[in-house]
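Please look over the sequence and the structure below before reading on. The briefing that follows goes through confidence, the contact between chains, and some local features.

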Amino acid sequence: MHSKFRTFAGQLLIASQIFILFLLLFENKLVIPAWLQTIGRMHPLILHFPIVILLLAMLLEFFSFRPEYAKNPFYRNFLHNLLLAGSLLAAVTVIMGLFLSKEEGYEGEILTYHKWTGVGIFFFASFIYFIRNSSWYKAPVAKAGSLLTVAALVVTGHYGAALTHGMNFIWEPIESTKEAAAVSPDEAIVFTHIVQPILEQKCTSCHNPDKMKGQLSLTDAQSLLKGGKSGKLLVPGNPEISLLLQRIHLPNDEKKHMPPIGKPQLTPQETAILNLWIKDQAKIDKKLASYPENDSLRFLAAAYLRPAGQMEAYDFEPADEDEITALNSDYRTIVPVAKNSPALAVNIYNRATYTSRQLNDLESIRKQVISLNLNKLPVKDADLEIIGKFENLQRLNLNFTEISAGGLKALTGLKNLSSLAISGTKIKYGELSALLPAFKNLKTVSVWNTPLSEPEIAQLQKANGNLAIIGGFKDDGKNMLRLNPPQMKNSSPVFAGTMALQLKHPINGVEIRYTMDGSEPDSVKSPLVSDKMLLTKSENIKAKAFKNGWYGSETVQFDVYKSSLQPDSVQLLAPLNRVHQATGAKTFFDRKLGVIGANNPAWANNWAAVKDNDMILVSEFKKPALISSVGIHYMIEEDTGIFPPETVEVWGGKDAESMKLLSKFQTAMPAKGDKPSLKTMEGKFKPQTVSCLKIVAKPLNKIPEWHKNKGGKALLLVDEMFLN
Amino acid sequence: MEKEILEHGFSFNRRRFLSSMSLGLGSVALGSLLMPDLLKGGNRDEEGLTPGIPHFAPKAKRVIYMFQNGAPSQQELFDYKPKLREMFGQEIPPSVRGMQRLTGMTANQASFPLVGSFVDFKQYGDSQAWVSNLMPYTARIVNDLCFVKSMYTEAINHDPALTFLQTGSQQGNRPSMGSWLSYGLGNENKNLPNFTVLLSRGVGNGQGVYSKLWSNGFLDSVHQGVQFSKGEDPVLYLRDPDGMNRQERRDMLDNLAQLNDLSYQEFGDPEIAAKIKQYEMAYRMQTAVPEVMDLSRESDDIVKLYGPECLVPGTYAANCLLARKLSENGVRFVQLYHQGWDQHGNLPFEITKQAMDVDQASAALVTDLKQRGLLDETLVIWGGEFGRTSYTQGKLTADNYGRDHHPRCFTIWMAGGGIKPGMVYGETDELGYNIVKDPVHVHDFQATILHQLGLDHEKLVFRHLGRRYRLTDVSGKVIRDIIS
C-alpha cells in the first residue's frame, strides 16, 4: 500500500477514536436525526466485515513471529494493512452501532455488554495496530493480544445476536417450549399468563435456579410458594404482609428494595396486579374469565395482556392516501382511526344530500373501513348490500334509518362486526331473534325505540348471552313527572288597547287552563286557553298545564297591564340613584318590566330608583289626553331595604305652570319577613284632560323600627307606570 | 512584494481547501448531533403529531363535559361522610386542616365548626357507590358511572380554578381543552363547529363564565369554542339578512369565491383558501344548525327522559338534550356550563334546587347515549372546579349553613368513552378534607381525557413564543386504573 494512504488511514483511525470517545462521553445528550438513523441501521450490515477481517488479521498476527512469516515482506505488509482495514471498519461499525442504540427498543443489560465489548474490540485492535512495531512487542504479547481480540469478537457477536434474535435464539428449538403464546383474556390463567410473565420480566434474571440470589427462585409456582432465605413470600389473602409486595413497596434507595436500583422496576399496574392476585388467595389455576366483569384484577390483567394504546393489528394494507382525500367531501368524512393505522372511520351526514352513491363510492376502500356512521340517513335495505362488502367493518350505526330485517341479512357475512346500532328502526322481535345468531362476533346491539317491547328485549338477551342488547328508556307511566308551567309569549305584558293572550307550552299535546278571578285553575272546569282570547283591561291570570301521563304543572301567575296613554315626552326633574339609572326617564313607559333577585345581573336593567330625593317625572302630551288613573309598578325587598313609596302625588294641567294636584295616594308597608315581590299601586281620580302630567313618588323617609336599617332612608325601585 | 502576497492569497489550493472545509463540516456535523434542530429549518417540532389524527386508536371519539360551575359540594352529593354529622359543631382538628390556605371569605372566621350533610345517602349499584337523596336519577345509573372522589386542584378561587381545569393553566390565554381536542382530532362533521359551548344557570349563587374559557389561545381560530345561545339565532351572524334568499346567498358566495380565488392565484396565501372554505362551512351550517337545534321532533319518551324543561331553550335540561344532538352529529367537544353551585351560605336550600336542575337531565344524557349505542365512544364528564369545605362558612344553625371553597378534594364522575363503568376511585379521610388514596391532579385528569381520545398528552404540543405548550403543561399522568 502506498505509504501516503497508509499515513492518512492511520490518522483517520485516530480521528475515529476521538470521535467515538466523544460519542460515548455525550451519549445521554445525543439526539439522532432521521438521516443518521438510516446510517445507524446499517450496523447489522457492516459488522460482518470487521469480524471477518479482524479474525483473519488476528490469525495472521498469532503466527506473525514465526521466522518463515516474519521475514516474508508480503505477509508483514498484508497483515499490517489488514489490521488497519479491520480497525477502520470496526470504527465505522461502532459509530453506527452507537447511533442505532439510541433508537427506541434498545436498552438493558445485553445492550450494555454488547456496546462495551464492541467498543473494546475497536480500541484494542487499533491499539495493537499502533504498538505492533514497537520493540517490546514480541510473540507472547502478539499471541495473547490476538486471542483476546478473537474472544472479544465472539462475545460481542453473541450479545449482538442476542439483541436482534433474543437471548435464547440458538437453543430455543431444542428446549422444551413453554412460551406464553398470545393468549386471549377469555382463556388466560391469571398466574401463568400474567403473574409469571411479570416475574420473568422483572425478577428471574437474579432469582432463577442458576442464580438463586437470597436462595430464591421465582421461575415456577412451586419455588415461588416456597420462598427464600427471608422466608415465605406470600400470605394468601393478605398482600399487606406478603414479603413479595413489602420488598417491592420499600423506598427505592432502601437496600432491600426489589428489584434493586438500576434494574427495571415494576410498573404501578404490575404491582397492582400482584397485589390483587395475592388478595384473592394467590390461586395458581384460577382463570381470568372467572372474575366478575368489572373486577379490578380483570381490568388490569386485560390491559396487561394487550397494553393500552397498543394498535390493534390489521391484516389489510392501508388505502391510497390520495384516494382517501378524494373521497372526503362536505358531507362525508373519512379519517384514519389513528396515526399509521390502515383502518378508516367513515361518517356521512345530511339527509338531504344522501344517496346510495355515498356508499358505492367507497368501493376502493371497503377493506379499510372499520367504522361507519349512517345515523338518521335515509339508508335503505339495498344500501346494506354494499355495506355487506365492507369485510373488516367493526362498528355500524344505522340508528333511525329506513332499513329492515331483510336488509340486515346482508351484514351477517361481516365477521368483525362487533357493534351494531339499529335504534329507531322498524325492526321486529321475530326478525331480529332469527337474525342475531348469524352475527358471530357481535358484542352489542342497540334496539331502543324499535317495535321491540321490554319483555321481548329481555327474551333476546336471554337467548344471546354473550351479546349486550341495549334497550334504553321507554316511559312505562310508573314515574309520573310534573309538567313545567306554561309560558307567556307576548312580547310585553303591557298593552294599550286590547291584547290577544298567548299562553304556550313547549310539550306537544298539553292543555293550558286558566282563571282570571284569583281562583286555582282546575283540570276540568277552568276554561282552556285559546289564541282568540282578547284582554281589554289589566288582569291577574292564573294558569296551569295538564297532560295525560303527567302531573299538572304548578300554578303560574301572569299580570298584564293596560296602559292606554303614551306621553310624547318625559323628563325627570330629580336625579336617579347612581346604580339604578335604567334608561332614565324613558324607563317608565318602555313596556319592559324588571324582575326580582338582587343577584341577577339583569336585575338593574329595568329598574330606576331614588333614595335621597323624590322621583319627579313630568310627561307631556301633544294632544290633550283624558286621564283618570295612574299606576306605579314597584319592587319590595324588605331585606335589602327596598320599600314602596311613602306617597305618590299626581299633578296635571294644560301646561307646566298651571298643574294642580289630581290625586295623592299611599299603600301598605311590608311587614318584617315579607317575601320580595312586585306590586302595583294605583291612584284613581275624576277624569281630567291634561297636556302636562307630573308624578311625584316619595321614597320612604324612615325605615320602621323592626328593620335592621331602622330610621334610614329606603330605596324606591320603579320600572313602569300605567296611564289610563 | 504585493504581488507575492496576492499570489499567496490565491494559492489556497484544493488540499487546503478540502482539509479546512472538512474541519468546518465536521464540527457542524458534531454540533448537529447535540442540537438536533441546528440543520432544520422552521419548526418541525410537532413530530409526534399530525393535526387531525389521533396518536393511537382512541376509545372515545367525542366528549360532553357537563361543567357544574361554582363548585358543587361533594359532601351533599357523592362523598358520604357520616363522621361529619357526628361531629356537628365541633372545631375541625388543626391536624386535619394543616397549613391550608383559606379564601378571603373565611380566613378571618374565628371558628371552623364541622357540619355534615343535611341530606341522607344510600348505596347503589354494583359498586355500592354512595349517592345522596338529592340525586335520585343519577343514583339509578351508578352502574354506568365512574366516580373519582380524589380530584384536587391548585387554585382556591373560581376564575383561576375554572381556567386551570379548562386550559391547564390558571392564568388564561391558553387553549381550552375543547380547542386542543379540535386541534388534535380534526372534524368529524365538516358542517358543524368542532367545539361548542352551551350555558345555563340555576337559582343558586352564581359565578360568571366568560369566553376566555373556550378560547383557542394560540391555536388557530378555527379551534375556538362556538357558543350556542338560546334565542332565535343559536349561532350569531349565521342567518341571512332579511330579504336575502338562499339562492342570492349562493350566488354571492360563488362570486366572492371567484374573487378570492383570483387573489389566491396572485398571492398564493393559504389564508385566502382557508377563508373560502370558512364561508362555505358557514353556508352549510345555515342548514345544519337549525336541523340540530330543532327540538320539536323529539319523541315523548325523550321528553320524559330528560324532563319537561328539556324543551325550554336555555335550561340545563335543554342543553343536555342539545349536547346529545350535537355530539351525535359529530361535534367533538360539547361543553356545558351550569351556573349557581357556589353555596357559601344557605346551602341546603340552594343545593336542593341546583340538584333538581341537573340530576334528571345529566342522567338522561348518559342513558340516551347508551340507548343509541354511542356511550362507548362518547366520554361524558360531570363535575365542578373544586370542592367545598367540611366546616361551615358563616353562621351554623341546626338547619342552615354554608361551605367555602376547598381545592384539596372534590368528586366528579365520568361515563362512557372507555372509562370503567360502575367504579369508585380514590378516597378522602373521614372528615372529607384530605385525600387518603389515589389522588388525581387536574393535569392527571386532563391527561386521561386526552388518552381516551387517542392523544398522548405529552405529544399534543404546539409551539408558541419559543416553547412548546401542552394542555397538561409539564406534568400529568394517565390514570390507568379507571380505564377499561
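Which residue just after α8(B) takes a positive phi? B:Gly186 does, with a phi of about 75°. This is a predicted model, in which local features need pLDDT of at least 70, side-chain atom pairs count only at pLDDT 80 or more, and totals for chains, interfaces and linings use all residues. Residues are numbered from 1 along each chain as its sequence is written, while chains are lettered from A and ligands numbered from 1 in the order in which they are written.

**Confidence**

- The model scores ipTM 0.85 and pTM 0.73.
- Chain B has a mean pLDDT (the predictor's confidence in each residue, from 0 to 100) of 89, and 90% of its residues reach 70 or more.
- Over residues 38-47 of chain B pLDDT stays under 50, and the model has eight contacts for them beyond four places in sequence, a contact being two residues whose C-beta atoms, placed from the backbone, lie within 7 Å.
- Where pLDDT is low, the predicted coordinates should not be read in detail.

**Contact between the chains**

- Chain B gives 47 residues to the contact and chain A gives 46 residues.
- On the side of chain B that touches chain A, the elements that give two or more residues are α2, α11 (300-306) and α13 (347-371) of chain B, and the largest share, five residues, comes from α11(B).

**Helix α8 of chain B**

- Nine of the nine residues of helix α8 (residues 177-185) of chain B are buried, so this helix is largely enclosed by the rest of the structure; a residue is buried if 20 or more other C-beta atoms lie within 10 Å of its own, exposed if 12 or fewer, and partly exposed in between, with C-beta atoms placed from the backbone.
- The buried residues of α8(B), including B:Trp180 and B:Tyr183, pack against β1 (62-68), α7 (158-167), β5 (195-201), β7 (333-339) and α14 (442-452) of chain B.

**B:Lys59**

- B:Lys59, found in the loop between α2 and β1 of chain B, is buried, with 20 other C-beta atoms within 10 Å.
- Not counting residues up to four places away in sequence, B:Lys59 touches B:Gly417, B:Gly418 and B:Gln452.
- B:Lys59 and B:Asp376 are 317 residues apart along the chain, yet their C-alpha atoms are separated by 7.4 Å.

Terms used:
Helices (H or I, at least four residues) and strands (E, at least two) are DSSP runs, numbered from the N terminus.
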